[in-house]
Structure formats: C-alpha cells, structure tokens
Amino acid sequence: MRIPVFRSEAQATNEAPGASIRARMDPNVFVQAELRKGDVFTETMKQVGDYALVRAKAEAEVQYNEAMLAAEEEMRSLAESLKESGRLGDVINEKGTGSWQVQTKDMRERLADGLSSRSMTDAFNARFNQQELTLRFQLRDAIESRIKARAAAAAGARQEKFVAEMSNPYTPIEKATMLYTSHSAEIDASVANGIMTSEMRSTVDTKIVRQIAENTVSAYVFDDPTRANAFAEALDLQDEINAGTMTAEEAYEQSGLDPDGAYTLFTLQLLPRDEALEIIYDTLGKSNRLFEAQEKERERVDKANDSALAGNYKAMFMFADSSATFTKADVMVAAPDVAASALADLTPDAPITSQTVRQAFEKFFNQNNYLSPTQRKEIETAFGTTNVSRFGTTTNQDILADLNVLASSGQLTLTRLNVEAPSLTSTDYISLANNIGTASNASLSDAVKRVTNYFRIDEAGADDSDAVKIAKRSYNTVLFGLNEEFNKRQSEGNPMTRTEITTLANTLIDSQRDAFVGLEIEARTAYIQFSMTNIPDIGEEDPLADLDAWYSSLPDVEKQNVQQDYNRHRYVLQDFKTRIGR
C-alpha cells in the first residue's frame, strides 16, 4: 500500500494575514447609517415646517374672518346712523367724497392693516368692496325714500297752509286768485323736479278744491241752516244764468245769500254740481244738529234760570210779615241776586221794611220778565198794601198739622197757604212756604223713579238690545211730558202737588203702555225666530214655559251641552216677560 504524500502548494505573499484592510475600513456602512439618520431628521423638519405653515394659514384665516365680521358690523352701523343724517345729500355723492365713501375707505384700510397675509389682505379687500357696494345701494335707496318723504311732508305742509288760508269764507276773491296762482306755481315746480307726477297733481288739485269748499261752507253756514239752503238755491239758478235768462247778480239776490257769501259760493262753483250739492247737504245736516244742540242748550239755560227765579220767588215770602223789620243782609242770605240787583245802594245792615223788600223782588222779577198774573195775585195777597201784619200772633195747631200733612205729601200750594196765613205766625208761614218747592221736587224724583222702574231703565248699564231701545223710547216720552208740565207749573209759581205729579205720571205711562207692550212682543217674536232656531216648539203665548219644558225633556248629558244657551235664552225671555206682563 502506497501512502499518499501531501505536498503544500502554498506560496509566499506580501499580504498581511487576516481580512483585507480595505474590507475592514469600508465607510459605506457608516455613511448609509448616517444617511438614514438624516432622512429621519429631514422628515421631522418637513413635518415641523408643514405644521408651521398650517398654523400660519389658520391664523391668517382667523384674522380675515374677524376683520370681515368687524367690517360688516361697522358698515351696517354706519349705514343705520347715516340714514338719520340731517344732510342726506352729503352721505353719498358721485365724487366719492360723501360721508359713507370716506368712512368706509378709512374702515377698509384700518381693518386690512391687521392682516398678516398678503393673500388674505387681497381677499379681505375684495370681499369688503362687495359688501360695501351692496350696503351702499341699500343706503342710497333709504336716503332717496327719506328725501321723497321729507319733500312730500314739506309739500303737504304747504298745501295745508294754503288750504287754511283759502278756507276763510270772507276772503276777497282777488286775494284768493293771487294765492291760488302762487300755489299752482309751486305744484308746477314739484312736477318739474319729479316729486309729483301730472296724475298726482290732478288728484291734489281736486282734493284741495273740495277741501276748501267744505271748509268755507262749514265755516260760513255753521249753525244757520238757512244759509245752506241759500247756497243750494244759488247753484240751482246757475242753469238760468247759463241759459241767459238771468244775470249772476239777479241769481245771487234771488237765492237769499248775503253779500259776504260771494267767496264761499265761488269755491262751490269750482266743483262739479253734484259734489257741491253733496257738500251743502252734508253741511246742512251738521248745521241742523248744531242748531238743535244750541236750542237744547238755550232750553237748559232757560230752565236753570227759571229754577233760580222760582227759588227767589219762594224766598220772597220769607219777608211777607209787614210788621217786621229786615236788613239787606237778610235778603243777601235768602236771595243774593235780588240783593245785588235791586238793593245795591244799601249797606248790609241797613234796616228795610217788608214793602221795601217786596218792591226789590218785584223790580228784579220785572227785569227778568218772570211774574205771571197768578204770581202777582199771590204776592198781593201775601204782602198787602199796609204795614199791618196779616199773620196771627199765635199759630192754630190744628191748621198747622193739616198744612204739614199737605206739605209732606207734596200737596201744599201757596194759594192754600195764603188763605191760612192769619192762622199762622210769620215764622210758621215762612217754614211752610220753604217746604212747598222742596216737597214738590221730592215728589218729582219719586215719580221719575217709578217711571224708571216701570220701563226697567238702568241708566248706569243698559245694553243696546231692541227691547232696551224700545223701553228707552217710551221712558223718554213719559219723562219729557212729566218734566215739561212740572217746569211750567214751577215757572208760574204754582208747583205741582205730589198727587198731581203721580196722576200725571200714571196717565203718561198708560199712554205709552200699549205701544210699549206691542213693540216688546214684536221684539220677542223676532228674538225667537232668529236667535232660537235650534230649539223646537217655542210658542208666542208663553215662550219661557216652552223653553223650560224643552230643557227638562233632554237627557242629562245633552243638558250639559246646551246649558249655556239655555241660561242665555231664559234670561232674555224672562226680561221680556217682566216688561210685557206675560
């Protein structure tokens, strides 16, 4: 066996043992590692930069939004304040120097200075200009509306002044013509300036002419209806003038107008005939009402004067004792008007006789045309012509008792009292004389209450139903007759007694009863037919009983549903029944 022999083929080398120096010192590994670290840093820095940009953008947007919000609020506030400017023509102008334009420009520059971004500044300016333009046009419209309103108000004030100047019924026609020419020129200027259209002018002219005519006629006629009739006659005669059968002067004279009515007629003739007559008849109605109101006022004053004179007449008999001595002060207490008028030259403590007092009263009554023949006879009986007292030294108690009964019942008269004067002392006579008018007035009050209760008139809270209107009509008729007779007797110095007042009241009530009841029945029938249509079998004889029967026949559930209507109908029918008597 052959043993192999190993032969080394190693060769000598000049390389150091181990790995190559170049292999051990290669920097790529380190470079790559460092580059990877740089990528992380770069990414981090990129993210930091992106965040800063986002934050800057967000801040710029916040600034923009805040600036725009402030701009909108300030511009709106400015617009509202400038709407009320006293110089509306200086708010906006074509030169750009108006208050709005100058202040919004300053506002834009001031708010834009607070923006840190150029792009946001540009956006803000663009948006601001848009908003400014929108609000400027709105403000312009508002200003123009105010200018037109002020112009209209000024024109209206001038028209009112013109109408007032032309509404004096005694204005000379020459002056009126001059005023109208001047006013017409003002209206022409308004049309030329665009404040008024031609159609508006025509309307204004018509309105003004009618208003002037209404004012002059109303002022000239006032409470004299005959003047209104004269104007109507004058307009009717215009046809005769147009036909040439009568001159304007003849028509004016025939109409019955006074010379100072010429201008008022002139204003009427500026209108169409039917409109002029409408004004005349409307004024005639008002004039009649004024005339009636003044007549009522005169009647009221006359009644008040009559009442005062009646009181003085009654006071006169306090001085009927011819044996007594009085003073002016006594008369001043009992009848101040008489003392001031007929005893003015005397001092208050000056002594005067009964006959002097009588003469003073008679002088006062004659001045007021008051005394009737009956009253003069009563004065003559009470006072006589001598200084001997017609009264007794003592009072007959039986006669006094009888007279007191008559006085308390309102039946005592001066005629009866004068007959019994010798049986009374002057003191008792005067006391009874004072009670005559008082008892009579009390009797009238009692009679009025009776009439009020009969017709069920609640003066404090009567409604406007037909039944109440009918009752008031009858009530007023009775009351008028009662008051008329009572005042007539008072003025004659012969007051009505209680019995006479009661008898007259009953007579007047009876005269109204049939008509009153008949109208009440008609009103009740109408109420049943029109207000109770949902309730069956309501008759005319006793509708209240029919209503109760219907309600009683309903089930309890249905009663609850109609309870309110039932109560209302029952109240009305009960009221009718009380008035009618069935």
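## Asparagine 312

Asparagine 312 is buried, at a relative accessible area of 7% (buried means under 20%, exposed over 50% and partly exposed in between, with a 1.4 Å probe and protein chains only). This residue belongs to helix α11, residues 273-316 (helices are DSSP runs of H or I with at least four residues, numbered from the N terminus). Leaving aside neighbours within four places in sequence, asparagine 312 is in contact with Ala335, Asp337, Val338, Phe361, Phe364 and Phe365 (contact means heavy atoms within 4.5 Å).

## Basis of the model

The model is predicted, with local features needing pLDDT of at least 70 and side-chain atom pairs counting only at pLDDT 80 or more, while totals for chains, interfaces and linings use all residues. Residues are numbered from 1 along each chain as its sequence is written, and side-chain values use heavy atoms, with hydrogens and water left out.

## Helices α3 and α4

The axes of helix α3 (residues 99-112) and α4 come within 11 Å and cross at roughly 160° (axes are lines fitted to C-alpha atoms, for helices over the stretch in contact, and angles run from 0 to 180 degrees between N-to-C directions). The two helices α3 and α4 are therefore roughly antiparallel (angles over 145 degrees count as roughly antiparallel, under 35 as roughly parallel, 65 to 115 as roughly perpendicular and the rest as oblique). On the α3 side the contact includes Trp100, Met107 and Arg108, and on the α4 side Thr121, Phe128 and Glu132 are among the residues. By class, the residues of this contact are eight nonpolar, four polar and three charged (Ala, Val, Leu, Ile, Met, Phe, Trp, Tyr, Cys and Pro count as nonpolar, Asp, Glu, Lys and Arg as charged, and the others, Gly among them, as polar).

Threonine 121 lies in α4, which spans residues 118-166. Threonine 121 is buried, with a relative accessible area of 14%. Not counting residues up to four places away in sequence, threonine 121 touches Ala112 and Leu115; Ala112 is one of the α3 residues in the contact with α4.

## Helices α7 and α10

Helix α7 (residues 225-236) and helix α10 (residues 262-269) have axes that come within 11 Å and cross at roughly 55°. The pair α7 and α10 is therefore oblique, and the crossing is right-handed. Phe231, Ala234 and Leu235 of α7 meet Thr264, Leu265, Leu268 and Gln269 of α10. This contact of α7 with α10 has five nonpolar, two polar and no charged residues.

Methods:
A crossing is left-handed if the near helix is turned anticlockwise from the far one by less than a right angle, and right-handed if clockwise.
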